[in-house]
Amino acid sequence: MTEFFITTPIYYVNDVPHLGHAYSMINADAFARWHRGIGDEVFFLTGTDEHGQKVADSADAASMSVTEWTDLYAQRFKDAWEKLDIAYDDFIRTTEKRHEVAVRKFLQALYDNGHIYLGTYTGSYCVSCEAYYSANDAVDGLCPVHRRPLIEMEEENYFFRLSAFQDQLVKWYDDDPTAVFPDFRRNEALSFIRGGLEDVSISRTSLSWGIPLPWDERHVCYVWFDALINYLTAIGYDGAGYERFWEHSHHLVGKDIIRFHCVWWPAMCMAAGIAPPQKVLVHGWLLVKGEKMAKSGGNGVDPIDLAGIYGADAVRYYLLREHALGADGDFSIEALEHRYNVDLANNIGNLLSRVTNVVDKSLGGVAPRATGNVLDFAEVKEHVDRASRAWSAFGSAQVLEEVQLLVRMANAALEERAPWKLRDANEIGAILGDALEILRLVAILVSPVLVESAPKIFAAIGLEMSAISSSYSQALEVGLYQGGMTIAKAAPLFPRKGQARAR
Ligand SMILES: [Zn+2]
């Protein structure tokens, strides 16, 4: 047993939850559930980023106080995560007092350590990102993310001496080649660092909606700088939670915020005198017809609508099965329906209903035990081991691929031996017992993804999932299904979708 601390980006309150956010959340939730399942002490953190000019402007435009505005929008994220069965341990809001305390303490440490100075900043600024872009990063004078014109700005700012950390950052990357996952994102961040770093402006005098700098309250902290510190706030910066969880930190982030998390943040930690995060996991974007998913782009797909139609399990399954962590992926309803109908309804769902049906009809409802006389349990064990290793290596797509291979083994044996045509109870029992064992193993392996269906599979084969919580490693030994209990034909887990639904 060990600790496992996983975080998602904190979402900007001006946005509404879209499938891109849901993709981050579902990945983090699945990793957290797997680690809980193997007995780790898990802390899963998410939340909302609530400072910055855009938030103040939006509240103003809506004739609301900023607090009313942020309360309303933070709640939208909480509601969305509930509908997608996300089980986080803490939801941080950057406007909370605990965060202000942590940020001021962190900033003071940077200042006392000599890593902050006052200077004048001139640069090209994107109002939407609340970030400056160098000439290299701008695309035809436009923000590379929003494709909007950049504005020339000049102001007196405090600066963080990021340039002084270039060598230390390179050393951090060299010392731990797995600190950023996957490899191609690591190389991207490292080559950016090797190309030379500029100091970054960390304060604004032009707005008041933010956290004042402890040594000069005319300035408020730049929204990105305060947001990053949330990861420390939530575990109790400098306290027992920090001692316990920080060295097990995993930040799951989208590729658009790689610079903040793979360059700034580790350097900020070094400057404050603490260790950089243990691991940064970078995922790609979900594209709709080649464009980034975003509400402002008009192509935002509402994850709640999808969960309403297909169920949260199907949305979770599709996103993790189809989009391995790292690369960009395309979202389409057709692909979602295909996964639903093929992987879930035809493969997993069908296996469960066929097996329970024949147990009911041919064996008087008494479940037979697994023997390994029909399926090759050595081969089953290989799939199970590969799936377990993939879970621990953040490879949820691989896990689900191994699961499908297991299901296919069982379905193929049923096709070949057609137990529904047989008379001999021993012969029928040998086939069904091994198939039941596959269902048991599959239910455990998919439980971080199919959070509603996995316990149903367990119940349908006469077992109780809560009995194995936190002991997945033992429960994944092959051949444990004892049988003997009475089971009935299971109700369909995944009724077919698609053809009947109006497009
Ligand atoms: Zn932008």
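This is a short tour of one predicted model, stop by stop, for you to follow in your viewer.

Before you start clicking: residues are numbered from 1 along each chain as its sequence is written. The model is predicted, so local features need pLDDT of at least 70 and side-chain atom pairs count only at pLDDT 80 or more, while totals for chains, interfaces and linings use all residues; side-chain values use heavy atoms, with hydrogens and water left out.

**Stop 1: strands β3 and β4**

Select residues 41–49, which make up strand β3, and residues 90–93 for strand β4. Strands here are DSSP runs of E with at least two residues, helices are runs of H or I with at least four, and both are numbered from the N terminus. β3 and β4 run parallel, joined by four bridges; two strands count as paired if DSSP finds at least two bridges between them. Look for T48, which sits opposite R93 of β4.

Now show the side chains of β4. D90 and I92 point one way, F91 and R93 the other, and all are buried. Buried means under 20% relative accessible area, exposed means over 50%, and partly exposed is in between, with a 1.4 Å probe and protein chains only.

**Stop 2**

Step back to G39, in the loop between α1 (19–37) and β3. Is G39 buried or exposed? Its relative accessible area is 18%, so G39 counts as buried. Beyond its neighbours within four places in sequence, G39 is in contact (heavy atoms within 4.5 Å) with M1 and S470.

**Stop 3**

Go to the loop between α2 (53–61) and α3 (66–83), where you will find S63. S63 is not a glycine, but has a positive phi of about 55 degrees. Most residues other than glycine have a negative phi, and most peptide bonds are trans. S63 is exposed, at 68% relative accessibility.

**Stop 4**

Select α5 (residues 166–175) and α6 (residues 183–194). Their axes come within 10 Å and cross at roughly 155 degrees. Those axes are lines fitted to C-alpha atoms over the stretch in contact, and angles run from 0 to 180 degrees between N-to-C directions. That is why α5 and α6 count as roughly antiparallel to each other, the label for angles over 145 degrees.

Which residues of α5 meet α6? They are Q166, L169, V170, Y173 and D174, and on the α6 side you will see R186, A189, L190, I193 and R194. By class, the contact of α5 with α6 holds six nonpolar, one polar and three charged residues. Ala, Val, Leu, Ile, Met, Phe, Trp, Tyr, Cys and Pro count as nonpolar, Asp, Glu, Lys and Arg as charged, and the others, Gly among them, as polar.

While you are here, click on P182, in the loop between β8 (180–181) and α6. The peptide bond from F181 to P182 is cis, with omega near -5 degrees.

**Stop 5: two three-stranded sheets**

The sheet to pick up next has the order β10-β12-β11; it is open and its pairing is antiparallel. β10 (203–204) and β11 (212–213) are the edge strands, each with a single partner, so one side of each lacks a neighbour in the sheet. Two bridges join β11 to β12 (residues 216–221), and P212 has V220 as its bridge partner.

Then move on to the open sheet β16-β15-β17, where the pairing is mixed. Here β15 (residues 286–288) and β17 pair in the parallel sense over two bridges, with L287 opposite D330 of β17.

**Stop 6: N341 in α13**

Select N341, within helix α13 (residues 333–362). N341 is buried at 9% relative accessible area. Not counting residues up to four places away in sequence, N341 touches N346, R496 and K497.

**Stop 7: α15 and α16**

Finish with α15 (residues 396–417) and α16 (residues 425–446), which pack at about 165 degrees with their axes 10 Å apart. That makes this pair, α15 and α16, roughly antiparallel. The contact of α15 with α16 has 14 nonpolar, no polar and one charged residues. Among the residues that meet there are V399, L406 and R417 in α15, and I431, I438 and V446 in α16.

At 9% relative accessibility, A418 is buried.

Technical notes
Parallel < 35°, antiparallel > 145°, perpendicular 65-115°, else oblique.
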